Amino acid sequence: MKTMTRRQFGQACAAGIASGIIFSTMAWARQPSVRTVKFPQGGTAPALGMGSWRLAQGRHPISQEEAALGTGLSLGMTLIDTAEMYGSGAAERMISRVIAGKRDSVFLVSKVLPSNAGSASGIRRACANSLERLGTDHLDLYLLHWRGDIGDLGAVVDTFEALKAEGRIRHWGVSNFGVADMKELMSVAGGSACATNQVPYSLVNRRIESDLLPWCEQNGMPIMAYSPLGSGSSGLLRNTVLAKVAARRGVAPAAMAIAWTLRSGRVISIPESGSVEHMRENAAALELVLEKQDIAELDAEFPA
């Protein structure tokens with residue numbers, strides 16, 4: 001080995017440090033963006049996730065849907081929303097395969113049917129079944145799917161809190177609750193621990209802006225927006241104004257529509273897709289911050 005002079009040694013060290021900085025910067029640049037939303041009682045959730053309402057039901061090959069979910073995870077859409085009723089449990093079983101080996105990097109949400117939430121034993125049994133199908137020992141968020149015929153919200157809250165204390169769920173919330181339901185929930189002991197309310201919200205469905213959204217904002221509670229791309233019959237993604245605004249920003253219409261739901265920083269958006277290509281379009285919303293002109297044009301086309 002040749003002996004190095006002090007100057008040569010210093011140059012080699014500097015080159016090594018510079019290479020390390022360059023490599024570190026390149027590695028950082030490849031990482032997907034992380035945007036989160038705060039829960040009122042502490043904790044956060046990813047702002048952009050993926051729904052699974054119509055997955056695992058034959059609309060696409062299972063392998064294609066699993067690839068789409070895997071792509072979404074790799075692009076930073078690390079929240080997956082599902083429910084015991086989706087495909088009668090088939091969606092949860094499919095998701096278990098997608099998250100195998102990476103459970104710790106996924107924020108997992110599932111929901112209990114009101115028909116199973118009329119008693120503590122019913123909720124516990126439904127939760128245990130969802131955990132088994134998902135192949136995990138806990139849920140990050142567990143929701144009451146809708147109010148249904150449940151009269152005693154206090155019993156639901158008590159059971160959710162017990163499951164949280166046991167480590168089976170980390171947060172709990174509700175879905176499809178109106179303002180009256182939310183006020184009643186807040187009036188029962190422990191009801192203020194509700195983390196979120198999952199409701200439909202999109203450019204073509206802004207009904208919650210008249211009452212529910214302001215109420216949630218006043219109470220520091222984020223909403224989870226399902227169907228942020230509208231329903232299949234809404235034609236949102238074919239709208240010419242949305243397409244024009246999206247093209248100006250260099251993204252697909254889906255990314256612009258999703259970014260619109262995320263604009264306040266207090267909304268979690270869960271678009272669904274069984275296509276890798278569409279999942280990539282959706283994920284672009286993570287990098288997109290709407291400008292005043294974007295919002296003004298979209299508001300004019302899709303008035304509240």
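Here are some friendly notes on the inside of this predicted model.

1. **Before you start.** Residues are numbered from 1 along each chain as its sequence is written, and side-chain values use heavy atoms, with hydrogens and water left out. Because the model is predicted, local features need pLDDT of at least 70 and side-chain atom pairs count only at pLDDT 80 or more, while totals for chains, interfaces and linings use all residues.

2. **The cavity.** The structure holds one cavity of 30 Å³ or more (a cavity is a set of points on a 1 Å grid over the protein atoms alone where a 1.4 Å probe fits but cannot get out; its volume is the space filled by probe spheres set on the points). The largest cavity contains about 30 Å³ of space.

3. **Its lining.** Which residues line the largest cavity? They are Leu 144, Leu 153, Val 156, Val 157, Phe 160, Trp 172, Gly 173, Val 174 and Leu 185 (lining residues have an atom within 4 Å of a point). By class, eight are nonpolar, one is polar and none is charged; Gly counts as polar. Helix 5 (153-165) gives the most, with four residues, and strand 7 (172-175) also supplies at least two. Helices here are DSSP runs of H or I with at least four residues, and strands are runs of E with at least two.

4. **The core.** The largest nonpolar core has 89 residues (a set of buried Ala, Val, Leu, Ile, Met, Phe, Trp, Tyr and Cys residues joined through side-chain atoms within 4.5 Å; buried means under 20% relative accessible area and exposed over 50%, with a 1.4 Å probe and protein chains only). Helix 9 (residues 253-262) brings the largest share, eight residues. Leu 144 and Phe 160 are among the residues with the most contacts inside the core. Beyond its neighbours within four places in sequence, Leu 144 is in contact (heavy atoms within 4.5 Å) with residues including Val 112, Ile 150, Phe 160 and Phe 177.

5. **Helix 6.** Val 179, Met 182 and Leu 185 are buried in helix 6 (residues 179-187). They fall within an arc of 120° seen down the axis, so they line one face of the helix (the arc is that of the directions from the helix axis to the C-beta atoms). Ala 180 and Ser 187, on the other side, are exposed. Helix 5 and strand 7 are among the elements covering the buried residues.

6. **Helix 11.** In helix 11 (residues 292-301), the buried residues are Asp 294, Glu 297 and Leu 298. Their arc is only 95°, which puts them on the same side. On the other side, Lys 292 and Ala 300 are exposed.

Conventions
On a 1 Å grid over the protein atoms alone, a cavity is a set of points where a 1.4 Å probe fits but cannot get out, and a pocket is an open set with protein on both sides within 12 Å along at least five of seven lines; lining residues have an atom within 4 Å of a point.
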